[in-house]
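Here is a short report on one protein model. Look at the sequence and the structure, then read on.

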Amino acid sequence: MALNYDTVSAIARKKYIPVLSDNFFNSSYLFKQMKNRSDMIDGGTMLVVPLLYAKGNGGSYVEHGVLNVTATDKITAAEYHWKYIYATMNISKQQEMKVSGAERVLNLIQVEVETAEKTLIDVASTALYNDGSDDTLPHGLRKIIDSNRTLGGIDSSTNSWWDAIVANNVDSNFTTANLTETNLTNPSSDYYILRVMRKVWSATIHNAEHPDGIYMSEGMFNLFEQVLQPYAEFNYQPTQAVKMAAEAGFQTLGWKGIPVIYDEYVPKGRTFITTSKYLNMKIHKDDNFKLGPWQKPVNKEERIAAITVTLQFVTRNSRYQGQIEANSAIG
């Protein structure tokens with residue numbers, strides 16, 4: 001008997017799509033942090049995000065002194081474009097013919113949804129570190145945590161307050177040519193990894209707020225772990241935040257009380273120091289892991305449905321985010 005695709009969709013929406021959504025956010029520690037601050041947006045052709053920073057007049061004065069109340073030009077919001085990701089599910093005529101009974105139908109739906117879940121996670125995780133060169137993807141951290149770039153319609157080359165903290169701006173010698181494995185692991189080097197991290201970290205701190213997560217490529221994470229080995233004898237006690245990241249299944253070390261996490265999607269030689277309070281995932285409420293209709297192509301004996309998400313990664317304040325770009329040979 002042929003599958004009833006209305007029933008298939010109803011089962012998927014009720015039983016499997018909510019699990020897919022949870023697994024999506026649990027696939028990345030940064031996604032988990034963003035979930036706590038994710039916003040469901042009603043719509044609009046653009047995302048308008050109010051900014052925390054707007055330069056105005058201020059200062060000190062003496063008794064009966066004159067205050068400068070001249071209006072200044074302020075940029076109070078960034079405007080981001082929505083981006084769209086999807087994963088398809090395919091059920092062939094041959095699969096339909098093999099399915100009989102509720103249990104087999106459930107198994108078929110589960111396999112298709114789980115495959116779509118892995119695809120969506122892969123697309124979104126790749127997008128999370130996008131540098132902006134692929135305009136079909138949401139803005140990634142290489143775009144958000146950068147300087148002299150246009151983000152949210154604001155050109156930071158003429159609005160320096162919109163720059164993020166980039167290592168070679170903190171110290172002009174912190175270039176990829178100098179941030180090699182030899183230098184980063186040498187405690188006597190000006191480019192010792194803990195020294196570089198400390199300088200970038202310090203530059204991201206404002207008003208007593210500091211980063212709460214560090215994400216590294218495999219090579220950088222291994223190098224960082226190697227550097228920390230001599231300190232293991234001090235019986236290091238991880239903080240609750242570090243424990244939580246480790247218990248959630250992420251490869252985690254601790255530094256300054258926050259999780260340092262290996263993320264397979266981080267590009268080679270990169271380290272991102274983030275303050276999640278000022279990073280958000282905006283999701284369109286009408287396209288939040290939405291399962292579309294099952295359709296039959298005119299040239300294929302199968303049914304295809306897509307799970308779609310309309311989203312964007314945004315920041316309200318770039319100055320709380322940092323990036324280190326070491327030599328990509330580190331891995």
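## The model

This is a predicted model, in which local features need pLDDT of at least 70, side-chain atom pairs count only at pLDDT 80 or more, and totals for chains, interfaces and linings use all residues. Residues are numbered from 1 along each chain as its sequence is written, and side-chain values use heavy atoms, with hydrogens and water left out.

The mean pLDDT (the predictor's confidence in each residue, from 0 to 100) of the protein is 88. A value of 70 or more is reached by 92% of its residues.

## Overall build

The protein has ten helices and 14 strands. These are DSSP runs, numbered from the N terminus: helices are H or I with at least four residues, strands are E with at least two. Strand β1 (residues 39-41) has the lowest mean pLDDT among the elements, 71. Strand β14 (residues 322-325) has the highest, 98.

The C-alpha trace spans about 85 × 55 × 35 Å along its principal axes. Of the 331 residues, 45% are buried. Buried means under 20% relative accessible area, exposed over 50%, and partly exposed in between (1.4 Å probe, protein chains only).

## The nonpolar cores

A nonpolar core is a set of buried Ala, Val, Leu, Ile, Met, Phe, Trp, Tyr and Cys residues joined through side-chain atoms within 4.5 Å. The largest one holds 62 residues. Phe 31, Met 281, Phe 289, Ile 307 and Phe 313 touch the most other members. Helix α4 (residues 102-128) gives the largest share of this core, ten residues. A second, separate core has 28 residues, including Val 196 and Phe 221.

Which residues does Phe 289 contact, leaving aside its neighbours within four places in sequence? Among them are Ile 17, Leu 20, Phe 24, Leu 120 and Ile 307. Contact means heavy atoms within 4.5 Å.

## Helices α1 and α4

The axes of helix α1 (residues 5-26) and α4 come within 10 Å and cross at roughly 35 degrees. Axes are lines fitted to C-alpha atoms, for helices over the stretch in contact, and angles run from 0 to 180 degrees between N-to-C directions.

Residues of α1 including Ile 17, Leu 20 and Phe 24 meet residues of α4 including Val 113, Leu 120 and Ala 124.

## A loop residue

Asn 130 lies in the loop between α4 and α5 (141-144). Asn 130 counts as buried because its relative accessibility is 6%. Beyond residues up to four places away in sequence, Asn 130 touches Leu 137, Pro 138, Gly 140, Leu 141, Arg 142 and Lys 143.
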